[in-house]
Amino acid sequence: MSLKEYLKDNNSKKKVEITTLENQLYDAVQKAGLDKGNLTINNLSSYAIVTEKKKNPDYLASKQYRLKVSDLNKWNDIIGSIDPKGIAYTNIDSYDYSKIETLKKELKIKALQAAKEKASYLVEALGDKLGSVIDIQEVNNEQYPQPIYRNVMMMKAESADMAGAAAPEIDFKK
């Protein structure tokens, strides 16, 4: 989810700060009963409105967050608690299945049984009998995300400098 500062009623003097929006998000996450660790900062950026640049040289801040939820109804409650003008966009980053390890184990067992059956009928076609297992090799085709090379403390310091007011302590994504 991305939150962005915006100008109230297109007035360049009245800006809704990113910390206000971040506090709304943080409070909504707490109210939904989600653990603080489920909300992390994904990215920080700032931008200028080109048409307003001469009148207002200040940059508007933007922050992207990652929120882990297991119930989409909580997601709806959280989004409904944030100023809609401050939400730039939302998207689903990933899905996960809580029983994935059990499923992987079952599939590996089925794959081994299928391999044994195939080896057995191939050997029998040559008039021989299948012996005991000599070697089992597992090829792992899982992909892992590449590490993100950023100085987390520097990003947190920049975030605090931009805020002006006290912002909630939200961890940066691992």
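Over which residues does pLDDT stay under 50? That stretch is residues 149-154, for which the model has 5 contacts beyond four places in sequence. Here pLDDT is the predictor's confidence in each residue, from 0 to 100, and a contact means heavy atoms within 4.5 Å. This is a predicted model, in which local features need pLDDT of at least 70, side-chain atom pairs count only at pLDDT 80 or more, and totals for chains, interfaces and linings use all residues. Residues are numbered from 1 along each chain as its sequence is written, and side-chain values use heavy atoms, with hydrogens and water left out.

**Confidence**

- Mean pLDDT for the chain is 80, with 75% of its residues at 70 or more.

**Overall build**

- The chain has 4 helices and 7 strands; these are DSSP runs (helices H or I, at least four residues; strands E, at least two), numbered from the N terminus.
- Their order along the sequence is β-β-β-α-β-β-α-β-α-α-β.
- Of the contacts with a separation of 6 or more, 64% are between residues 24 or more positions apart.
- Of the 174 residues, 24% count as buried, a term for under 20% relative accessible area, against over 50% for exposed and partly exposed in between (1.4 Å probe, protein chains only).

**Two residues to look at**

- Leu-3 sits in strand S1 (residues 2-4) and counts as buried because its relative accessible area is 0%.
- Leu-3 and Thr-90 are 87 residues apart in sequence, with 9.0 Å between their C-alpha atoms.
- Trp-75 belongs to helix H2 (residues 72-80), and its contacts beyond four places in sequence are Met-1, Leu-67, Val-69 and Thr-90.
- Between the C-alpha atoms of Trp-75 and Ala-32 there are 8.5 Å, at a sequence separation of 43 residues.

**A pocket**

- The second largest pocket has a volume of about 280 Å³.
- Its lining residues include Leu-112, Ala-115, Lys-116, Asp-135 and Ile-136.
- A pocket here is an open set of points, on a 1 Å grid over the protein atoms alone, where a 1.4 Å probe fits, with protein on both sides within 12 Å along at least five of seven lines; lining residues have an atom within 4 Å of a point.

Methods
Grid points are joined across faces, edges and corners, and a volume is the space filled by probe spheres set on the points.
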